[in-house]
Amino acid sequence: MSVVLGILMVIVVVALVLTSSSLRLVQQYQRGVVLRFGRLLPEPREPGLRAIVPFADRMTKVSLQTVVLDIPAQSAITRDNVSIGVDAVVYFRVEDPVKAVINVENYLQATSQVARTSLRSVIGRAELDTLLSDREQINGELKAVLDAPTEDWGISIDRVEVKDISLPEGMRRSMSRQAEAERERRARIIVADAELQASAKLSQAAHAMAATPGALQLRLLQTVVDVAAEKNSTLVMPFPVELLRFFERAAGTVTDAAPATSSPARQPTLGAPAEVEPTTSATVETAAVAAPVNGQPLATRDSPADPG
């Protein structure tokens, strides 16, 4: 009796082992690829509790979730000979579980290596300005390059994005100076444009005030009110421009009315012969006779000396 009970216990244990080895649980996001004696079964196992033949079938579970693959920083040289470091991230998922198991040994590692080499080749064909300004174009080229080899592995590349571009320190300083010069150029253009618009508006305002003289007086009074509104010690006295014009016209009239008379007589110098014009010689002599010096009349210079 004990022997029969022992045999029954052995049979139950063997049945439990075979049952446990023949049942596989496939998750909703997985597919099971079954190989029977090394040959691929046509259809992969769907999610749920699936039975396989013990010791004959071998099931490989493949996840259909999107995998985020981080590509480490790769050193590359751009088309314009600038050494940079670029790192990226790849989003992909398995579309055909059979190809992912049969056509490649480890699809994760294979995709990572292809992404690294493709990143360096794409960076080598692009210029630095394109890498910095047009990331979408670089991402599209990377996706196109990765799609070609991974299609045979049953892998679909959803998107590829360049995360960061490391530039040399000298290149960063040069780009900083270039950006500063560009901003300075834009600032000067904006200031010049503002001056041009302001001059046009001032010209229009001048024409309007010239048509109506009262507007100039109103503007002057408004300026006085604006200055007097602040608490300061400045006294503003409006001075009409017409008064300045009156003085200017008066000064011009006096200058034009001044007669162009002959030059004044030159005074004789003592010890030298006096050169007196004929028309004024008599006047000079008369003045010399009439002017006494120390109470004594002066003798004329042209009268001869009295011998007596």
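In this predicted model, the largest nonpolar core has 34 residues, and those with the most contacts inside it are I84, V90 and Y107. At least two residues of this core are supplied by each of β6 (67–77), β7 (83–94), α3 (107–125), α4 (128–133), α5 (135–150) and β8 (155–166), with α3 giving the largest share, seven residues. Apart from this core lies another, of five residues, which include V26, L41, I52 and M59.

**Strand β7 and its partners**

- Because nine of the twelve residues of β7 are buried, this strand is largely enclosed by the rest of the structure.
- β7 runs antiparallel to β6, to which it is joined by nine bridges, and Q74 stands opposite V86 in β7.
- Ten bridges join β7 to β8, again in an antiparallel arrangement, and the bridge partner of G85 in β8 is S166.
- The hairpin of β6 and β7 has five residues between the strands, and N81 in this hairpin takes a positive phi near 60 degrees.

**Surroundings of I84**

- Leaving aside neighbours within four places in sequence, I84 is in contact with Q74, S75, A76, T78, I123, L128, L131, I165, S166 and L167.

**The buried arginine R45**

- R45 lies in the loop between β3 (39–40) and β4 (48–51), and R45 is buried yet has no salt bridge, the nearest side chain of opposite charge, D57, being 4.9 Å away.
- Not counting residues up to four places away in sequence, R45 touches V26, R31, G32, V34, R36, R50, A51 and M59; of these contacts, V26 and M59 are among the residues of the five-residue core.

Methods: Residues are numbered from 1 along each chain as its sequence is written. This is a predicted model: local features need pLDDT of at least 70, side-chain atom pairs count only at pLDDT 80 or more; totals for chains, interfaces and linings use all residues. Side-chain values use heavy atoms; hydrogens and water are left out. Helices (H or I, at least four residues) and strands (E, at least two) are DSSP runs, numbered from the N terminus. Buried means under 20% relative accessible area, exposed over 50%, partly exposed in between (1.4 Å probe, protein chains only). Lys and Arg count as positive and Asp and Glu as negative; His and the chain ends are not counted. A salt bridge is a side-chain nitrogen of Lys or Arg within 4 Å of a carboxyl oxygen of Asp or Glu. Contact means heavy atoms within 4.5 Å. A nonpolar core is a set of buried Ala, Val, Leu, Ile, Met, Phe, Trp, Tyr and Cys residues joined through side-chain atoms within 4.5 Å. Two strands pair if DSSP finds at least two bridges between them.
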